[in-house]
Amino acid sequence: MSYFSQSQLKLLLLCKEKILYDSTYRKCNPLYHSFARRRFVARIGRSRDDFKYVVKFRGSGHGTKMLISELIGGVVAKLLKLRVPELVFVQLDEAFGQTEGDEEIQDLLQGSRGLNLGLHFLSGALTFDPVTTKVDGLLASKIVWMDAFLTNVDRTVKNTNMLMWHKELWLIDHGATLYFHHSWTNHEKQALIPFSLIKDHVLLSFADQLEEVDIECKKILTDEVIRELVNLIPDDFANWTEDSETPESIREIYYQFLSERLKHSYIFLNEAQNARKTFI
Ligand SMILES: Nc1ncnc2c1ncn2[C@@H]1O[C@H](COP(=O)(O)OP(=O)(O)O)[C@@H](O)[C@H]1O
Ligand SMILES: [Mg+2]
């Protein structure tokens with residue numbers, strides 16, 4: 001049985017659409033320049049509701065596949081009751097970035113007109129430091145389990161992609177999950193990979209309740225929930241249609257990948273447990 005009713009799920013997953021306006025974007029963004037200089041795909045925008053958002057641009061290197069990774073990763077984390085910033089769809093206004101002086105950034109912005117993805121900016125958050133901050137075993141296990149499930153290669157000591165905000169651990173940057181979609185072949189086989197890179201997960205040594213978490217997470221991520229999850233992918237993101245593929249058939253492949261991976265979760269669970277033995 002699902003932990004969420006259909007309507008609860010819709011509420012939880014509902015991403016509001018925001019419009020970013022060029023005039024406010026410039027004036028209100030002290031972080032804009034430092035982000036831009038470092039060529040982050042994420043930049044700060046400001047929408048009419050007065051919250052700031054980190055924007056993941058469809059015009060960046062990995063295009064809309066990266067946005068799908070962010071969307072699925074962020075929503076799965078939310079479903080598992082992990083802390084992630086609010087996710088919103090961001091519609092970039094035609095005028096957005098027109099006054100941008102840097103040509104490269106101008107290209108990025110122009111290539112990003114239309115639907116993008118934003119995350120609530122956690123003002124004053126600090127990068128998580130695994131040396132100074134210990135993480136509870138249950139929480140660490142959930143995060144490790146989720147990253148093994150979604151094949152997230154980007155939660156390492158070097159790059160934790162976690163922030164401390166109001167003394168709580170928050171997850172950001174799910175852009176490197178689901179890397180099977182970059183080759184987009186043989187998803188049946190790729191769904192069953194053990195994911196050996198879990199050995200580099202920054203929280204692996206704390207994750208002492210993986211088996212319990214596996215049972216718990218699978219109760220939440222029912223077939224119905226996975227279906228709803230992939231249905232969140234907008235047509236506009238599922239737009240790399242080669243051959244006869246349609247947004248519908250692309251969503252179906254994500255559904256199959258995720259549901260097969262869950263059905264065989266013992267494969268990635270064993271891999272993570274074996275990798276942990278090197279710490280014990
Ligand atoms: N929601 C957020 N709130 C506060 N800071 C953020 C947020 N998202 C990203 N950042 C900051 O921006 C950096 C880069 O963002 P990230 O999403 O990790 O993109 P990437 O690693 O692909 O450049 C993060 O390491 C973090 O310091
Ligand atoms: Mg990052």
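Mentor: Let us begin with W240, which lies in the loop between helix 10 (223–231) and helix 11 (247–263). Helices (H or I, at least four residues) and strands (E, at least two) are DSSP runs, numbered from the N terminus. This is a predicted model, in which local features need pLDDT of at least 70, side-chain atom pairs count only at pLDDT 80 or more, and totals for chains, interfaces and linings use all residues. Residues are numbered from 1 along each chain as its sequence is written, while chains are lettered from A and ligands numbered from 1 in the order in which they are written.

Trainee: Is W240 buried, exposed or partly exposed?

Mentor: W240 is partly exposed, because 13 other C-beta atoms lie within 10 Å. With C-beta atoms placed from the backbone, 20 or more others within 10 Å make a residue buried, 12 or fewer make it exposed, and values in between make it partly exposed.

Trainee: Which residues does W240 touch, leaving out those up to four places away in sequence?

Mentor: W240 touches T64 and K65, contact being C-beta atoms, placed from the backbone, within 7 Å. The C-alpha atoms of W240 and T64 are separated by 8.2 Å, although the two residues are 176 residues apart along the chain.

Trainee: Turning to the largest nonpolar core, how many residues has it?

Mentor: The largest nonpolar core has 61 residues, and V144, A148, L203 and A272 have the most contacts inside it. Such a core is a set of buried Ala, Val, Leu, Ile, Met, Phe, Trp, Tyr and Cys residues joined through C-beta atoms within 7 Å. Helix 4 (residues 63–79) gives the most to this core, with nine residues.

Trainee: What is L203 in contact with, leaving aside neighbours within four places in sequence?

Mentor: L203 is in contact with V135, A140, I143 and V144.

Trainee: And strand 3: why is it largely enclosed?

Mentor: Strand 3 (residues 52–56) is largely enclosed by the rest of the structure because four of its five residues are buried. Four bridges join strand 3 to strand 5 (residues 114–120), and the two run antiparallel; strands pair if DSSP finds at least two bridges between them. Y53 stands opposite H120 in strand 5.

Notes. Contact = placed C-beta atoms within 7 Å.
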